[in-house]
Amino acid sequence: MFKKILIANRGEIALRIIRTCKEMGIKTVAVYSKADTDSLHVRFADEAVCIGPAASSESYLNIPNIIAAAEITNSDAIHPGYGFLAENSNFSKICNENHIKFIGASPKMIDGMGDKASAKETMKKAGVPTIPGSVGIIPSFKECQKIAAKIGYPIMLKATAGGGGKGMRLVWEEAVLEDAWNSARKESKAAFGNNGMYMEKFIEDPRHIEIQIIGDSKGQAAHLSERDCSIQRRHQKLAEETPSPFMTKKLRKEMGDAAIRAAESVKYEGVGTVEFLVDKHRDFYFMEMNTRIQVEHPITEEVIDYDLIKEQIKVAAGIEISGKNHEPKLHAIECRINAEDPENDFRPCPGLITNFHAPGGHGIRIDTHVYANYMIPPFYDSMIAKVITVAQTREEAIGKMERALDEFIVEGIKTTIPFHQKLMKNEDFRKGNYTTKFMETFEM
Amino acid sequence: MDLKDIQELIKFVAKSGATEVDLEIDNVKISIKSPPKKKRGEVDEITTIIQQTPAQVVAAPQAVVPPVTSNTDTLATSTNADSSTSDETDYITIKASMIGTFYRSLSPEDPPFVNVGDTIKEGETLCIIEAMKLFNEIESEVSGKIIKVLADDSTPIEFDQPLFLVDPS
């Protein structure tokens, strides 16, 4: 087992990792930028090394400084947390070269899953359902017709050189396909100088449901069930829950098995998440795989009663997993509290927290790095706390979240607590009736 | 000496930055050792050994405090701070721009690159910071006189850690 782990991150996740390390008897090294001198993770670690000025590029993303910090503290492993260097294959490689264990995926794994096209191919080979689509550029309208018929309507025509929604057409039936094909190509040519098109099945009313997996060095993998992360604004998750209100035992088995196939086919080691889009027919399609611990991991921990960071460290140390899958025994919800003003388009509001009182009591968990008189630096992401509730039923978990949010006092800055309070009262949310389109029509 | 006095003493020693203190007050011998460089956020590991002889402690002890032994550079810093003149505010502190092990000379056999009192020119090598098996020669960005060496030889240093105090005049 590792003797000393350097945590190459900041904020709540750094604190989260330090806590588990303390329980495991592993010494901890915090690294921090000048802007984070008074940060909680710096105080809780056994040692701390300043690694650069405020800018992330010169501190938390500064590979030479982080490796040097590991060297002077004699750390035998580095935990990258999430974000920053967690899925940087170069960093993973450099750790290997410096004989420091990177608690995350191998460089090959990170690159394999980072490239969307190759990840899709890998999943296809493993028998994981992927979004049906054309292979490469569509050579002619005739081919376009054939592919569309094979995939089944509705389909999306997309410009290969495309972006910003240009050169995209949503086609519901064959009768309008030719018109769509011609106009999309014309628009694409005008905007990008390239009229090459490809096609993908249009997923109606998709839900974002991901499966937590864990794999060990012996090539064995297991799944720890799903998390529903459909409540998103501009592709940023706001709240998550497990089990998904849309899940069935059958679907969980199918998705879980697919995720395990994905993990075992690449001999995945460590914790990872396979993200799927699930349509209204409960057909699921591979979206992407994240080769790191995720922000929303606490809800899985609460319903299956496992410390995922501990499992991650154990696997990295070469310990085998039991191979058992886990289903949720309880219901958990997480609300991400950001230093943003939900009444003003979620504008970021860094600054001094003058008053701070976190909720508590049965079934409440707070993962946070902030405290009263803490100055939120403007250089990093705006998340200041995660409120997690767990209860025997979904209704009770929502009730606990309402109670917790009412108790939560953060003064001096604006937070998204009012948004989450509205979310918990929202009829569609309470019915479990929401997709990734939910935030488009949500009003504060 | 009662427990409260000893606690106050330990706090005082920690604040002073001294690394080793040996005291003998009446029949009580106190030895306090703390690590040479405390990084911010690092938990203070102060080893305190208190030996009390069985003899009764006198109510109002006459405290005889021998000179405090400590790292000369730190001591120099504190005495200078006491006798600070307006000149000190014009001094420049050269800080580390990288992380690694600080060496004052090219090798253990070689003399230090610079010593207190030396005049240095911009671009002159002041020290070495070693990281990942690479020895980086750190060049001065200013010219002037070395007033103080603020880091110990062969110790780990972090970003922005003060290395040298220079009088640029």
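## A pair of strands in chain B

In chain B, K95(B) stands opposite P162(B), which belongs to β11(B). These two residues sit in a model that is predicted, where local features need pLDDT of at least 70, side-chain atom pairs count only at pLDDT 80 or more, and totals for chains, interfaces and linings use all residues. Residues are numbered from 1 along each chain as its sequence is written, while chains are lettered from A and ligands numbered from 1 in the order in which they are written.

Strand β4 (residues 92-95) of chain B pairs with strand β11 (residues 162-167) of chain B in the antiparallel sense, over 4 bridges. Strands here are DSSP runs of E with at least two residues, helices are runs of H or I with at least four residues, and both are numbered from the N terminus. Two strands count as paired if DSSP finds at least two bridges between them. β11(B) also pairs with strand β9 (residues 144-149) of chain B, again antiparallel and over 4 bridges. There, K145(B) stands opposite D167(B) of β11(B).

## The domains of chain A

Now let us turn to chain A. Chain A is divided into domain 1 (4-103), domain 2 (141-201) and domain 3 (207-441), with bounds that come from an automatic or database domain assignment. The centres of domain 1 and domain 3 of chain A, taken over C-alpha atoms, are 23 Å apart.

Where do these two domains touch? In domain 1 of chain A, 22 residues are in contact with 20 residues of domain 3 of chain A; contact means that the C-beta atoms of two residues, placed from the backbone, lie within 7 Å. On the domain 1 side, α1 (11-23) and α2 (40-44) of chain A each give two or more residues. α1(A) gives the most, with 6 residues. This side divides into 11 nonpolar, 5 polar and 6 charged residues. Here Ala, Val, Leu, Ile, Met, Phe, Trp, Tyr, Cys and Pro count as nonpolar, Asp, Glu, Lys and Arg as charged, and the others, Gly among them, as polar.

## A sheet and its helices

Chain A has an open sheet of 8 strands in the order β13-β12-β9-β10-β11-β14-β21-β19, with antiparallel pairing. At its edges are β13 (284-290) and β19 (364-368) of chain A, each pairing on one side only. From one strand to the next, the twist averages 25°. Within chain A, β11 (residues 236-242) and β14 (residues 331-338) run antiparallel and are joined by 4 bridges. E240(A) stands opposite E334(A) of β14(A).

Helix α10 (residues 297-304) of chain A packs on the sheet, and its direction makes about 155° with that of β14(A). Such angles run from 0 to 180 degrees between N-to-C directions, with axes fitted to C-alpha atoms, for helices over the stretch in contact. How many residues of α10(A) are buried? The count is 7 of its 8 residues, among them H297(A), I299(A) and V303(A). A residue is buried if 20 or more other C-beta atoms lie within 10 Å of its own, exposed if 12 or fewer, and partly exposed in between, with C-beta atoms placed from the backbone. Just after α10(A), D305(A) takes a positive phi of about 60°.

## Where the chains meet

Finally, 21 residues of chain A are in contact with 15 residues of chain B. On the chain A side, α2, β3 (47-52) and α3 (63-72) of chain A each supply at least two residues. The largest share, 7 residues, comes from α3(A). The chain A side divides into 12 nonpolar, 4 polar and 5 charged residues.
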